[in-house]
Amino acid sequence: MTEVRAEMVANVWKVVAAAGDTIADGDTLVILESMKMEIPVLAEGAGTVARLAVAEGDVIQEGDLIAVIE
Amino acid sequence: MLASVLVANRGEIALRVIRTARRLGIAAIAVYSEADADLPFVSEADDRVLLGPAAPAESYLNGAAILAAARRTGARAVHPGYGFLAENAGFAASVIDAGLTWVGPPPAAIEQMGDKINARNLVERAGVPVSPGSRQAVPDVTAALAEAERIGYPVMIKAAGGGGGIGMSAAADPEQLRAGFGTARSRAERFFGSPAILLEQFLAASRHVEVQILGLADGRVIALGERDCSVQRRHQKVAEETPSPGVGPQLRSAMLAAAVRAGEAVGYRGAGTVEFLVDEPAQRFVFLEMNTRLQVEHPVTELVTGIDLVEQQFRIAAGDQVSFDPASVASRGHAIELRVYAEDPRRFLPSPGTIGEWAEPAGPGVRVDAGYAAGNTVTPFYDPLLAKLCVHGADRDQALDRARSAVTGFVITGLKTNLPFHAELLASAQFASGAYDTSIIDRMRAS
């Protein structure tokens, strides 16, 4: 199980993946937006999305949980 | 002169406009979002109005709320700064319709230059060189592929309604064009509310040089020298200087004359900037776009000319003469601006956070336009610009020396800033030599 956490304070612009999705290494899970820049959050390794902890429009802090990959 | 002005912006530019207004005896009114309540521009204004929540759509892009604030405070004029509503012709018109003075160009000039395709066609007719590119919007991928064949690869894909480098990408071949076109369209729609796309020939190894113009109250358009803005990351400027090390006297006078013609073509009033791409070896240039507003990097022009551009904006908006003789503008020495961003200095990723210590450098030729102070929180809602560190020297070498000391003397703790990048830039042989182009940062990061 891998936890994907936010590297910075940001707004969640788009949630690309959904719980239950099968994903490959490098797939985009969500797209964050901070300071007018889009920052894609990518899967580091293949697996299944067990949980998506954010919704579009959320403001997340550094270290907040974004997704859990199994 | 104007009695009062509402500054419809935030951060460093709001503070900078407020200071000139107050020096001229114009009462300055700040508007702000909930996220910015503690910033210096709010406390330094003579009056202040809370617009709403942090999201730009609910605050700095909320034209109705800004006009309501102007009515409530009795503001006689609106200064838009840059970004947000500065190049929104509809907002400019609504300010004028409300009986207020718009400290900016006529709405028609904003509209004509805001559509990049229209702007290209218009300045070309006025005798300004343009690169091979679209004369109308490119509707789909098939049309884009045909257009790129006509123009010749590599091409730059751009949003016709865009700016600030957002949504731009280069394509070296049909495959890259196919991939880039969709992304460019969705970004254009999202950021600029219009999916219209244009293609332009992409000039690798070019310099990005722009000319400051002023449209005077009597209708004359004058040029106040150029600024070299070739130091960019993600097509966004990081450092600027004037004069440009890559522009010789002949090229300079041709560019200044072309910029004046572009301004005249739209009946320009106030401060504006005409951007060009320069092929340095050939000493040739093509029109890129016109920004119908005050530019972020305007201080370098102010440092070498001694002219306060915001003061001229107020004077022109009020129908007055400018404060200097337009026929004899002298430029002295060399000036450099370094944009201090809240971002990591390696990958340039955003780094919001709370500022611990904030100590600005001082000394001969050093000017800092800051938007923040110790204890302020830098939020993710707006652009990452914390401050502009500007230096002036008798020549480029002295300006570089002063910039190096000033970067070392600027202390900001609590979040990551690109100050270490600026130290690296000033130490690099490429930048020090002056022989660089728009790919200087890519080259620095590749090595």
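## Burial and Glu226(B)

A residue is called buried if 20 or more other C-beta atoms, placed from the backbone, lie within 10 Å of its own, exposed if 12 or fewer do, and partly exposed in between. By this rule Glu226(B) is buried, because 28 other C-beta atoms lie within 10 Å. The structure is a predicted model, in which local features need pLDDT of at least 70 and side-chain atom pairs count only at pLDDT 80 or more, while totals for chains, interfaces and linings use all residues. Residues are numbered from 1 along each chain as its sequence is written, and chains are lettered from A and ligands numbered from 1 in the order in which they are written.

Glu226(B) belongs to strand β10 (residues 221–233) of chain B, where strands (E, at least two residues) and helices (H or I, at least four) are DSSP runs numbered from the N terminus. Two residues are in contact if their C-beta atoms, placed from the backbone, lie within 7 Å. Leaving aside neighbours within four places in sequence, the contacts of Glu226(B) include Val209(B), Glu210(B), Val211(B), Arg252(B) and Met255(B). Between the C-alpha atoms of Glu226(B) and Leu6(B), which are 220 residues apart along the chain, the separation is 29 Å.

## Domains of chain B

Chain B is divided into domain 1 (4–103), domain 2 (132–201) and domain 3 (207–446), with bounds that come from an automatic or database domain assignment. The C-alpha centres of domain 1 of chain B and domain 3 of chain B are 23 Å apart, and 26 residues of domain 1 of chain B are in contact with 24 residues of domain 3 of chain B. On the side of domain 1 of chain B that touches domain 3 of chain B, α1 (11–23), α2 (40–44) and β5 (101–102) of chain B each supply at least two residues, and α1(B) gives the largest share, six residues.

The residues of this side of domain 1 of chain B divide into 17 nonpolar, four polar and five charged; here Ala, Val, Leu, Ile, Met, Phe, Trp, Tyr, Cys and Pro count as nonpolar, Asp, Glu, Lys and Arg as charged, and the others, Gly among them, as polar.

One open sheet of chain B has five strands in the order β3-β2-β1-β4-β5, with parallel pairing; two strands pair if DSSP finds at least two bridges between them. The strands β3 (47–52) and β5 of chain B stand at the edges with a single partner strand each, so one side of each has no neighbour in the sheet. Strand β2 (residues 27–33) of chain B is joined to β3(B) by five bridges and runs parallel to it, and Tyr32(B) stands opposite Leu50(B) in β3(B).

Another open sheet of chain B has eight strands in the order β13-β12-β9-β10-β11-β14-β19-β17, with antiparallel pairing, and its edge strands β13 (284–291) and β17 (366–370) of chain B each pair on one side only. Within this sheet, β10(B) and strand β11 (residues 236–242) of chain B run antiparallel and are joined by four bridges.

Helix α1(B) lies across β1 (4–7), β2 and β4 (77–79) of chain B, running at about 165° to β2(B). Helix α1(B) also lies across β17 and β19 (385–393) of chain B, at about 55° to β19(B). The axes behind these angles are lines fitted to C-alpha atoms, for helices over the stretch in contact, and the angles run from 0 to 180 degrees between N-to-C directions.

## Nonpolar cores

A nonpolar core is a set of buried Ala, Val, Leu, Ile, Met, Phe, Trp, Tyr and Cys residues joined through C-beta atoms within 7 Å. The largest nonpolar core has 116 residues, and among those that touch the most other members are Val5(B), Leu6(B), Ala30(B) and Phe276(B). Helix α9 (residues 249–265) of chain B provides the largest share of this core, seven residues. Because domain 1 (4–103) and domain 3 (207–446) of chain B both give residues to this core, the core lies between them. A second, separate core has 19 residues, including Ala144(B) and Phe202(B).

## An enclosed helix

Helix α10 (residues 298–305) of chain B has seven of its eight residues buried, so this helix is largely enclosed by the rest of the structure. The buried residues of α10(B) include His298(B), Thr301(B) and Glu302(B). After α10(B) comes Gly306(B), whose phi is positive, near 75°.

## Contact between the chains

Nine residues from chain A and eight residues from chain B make up the contact. On the side of chain A that touches chain B, β2 (10–15) and β5 (37–42) of chain A each supply at least two residues.
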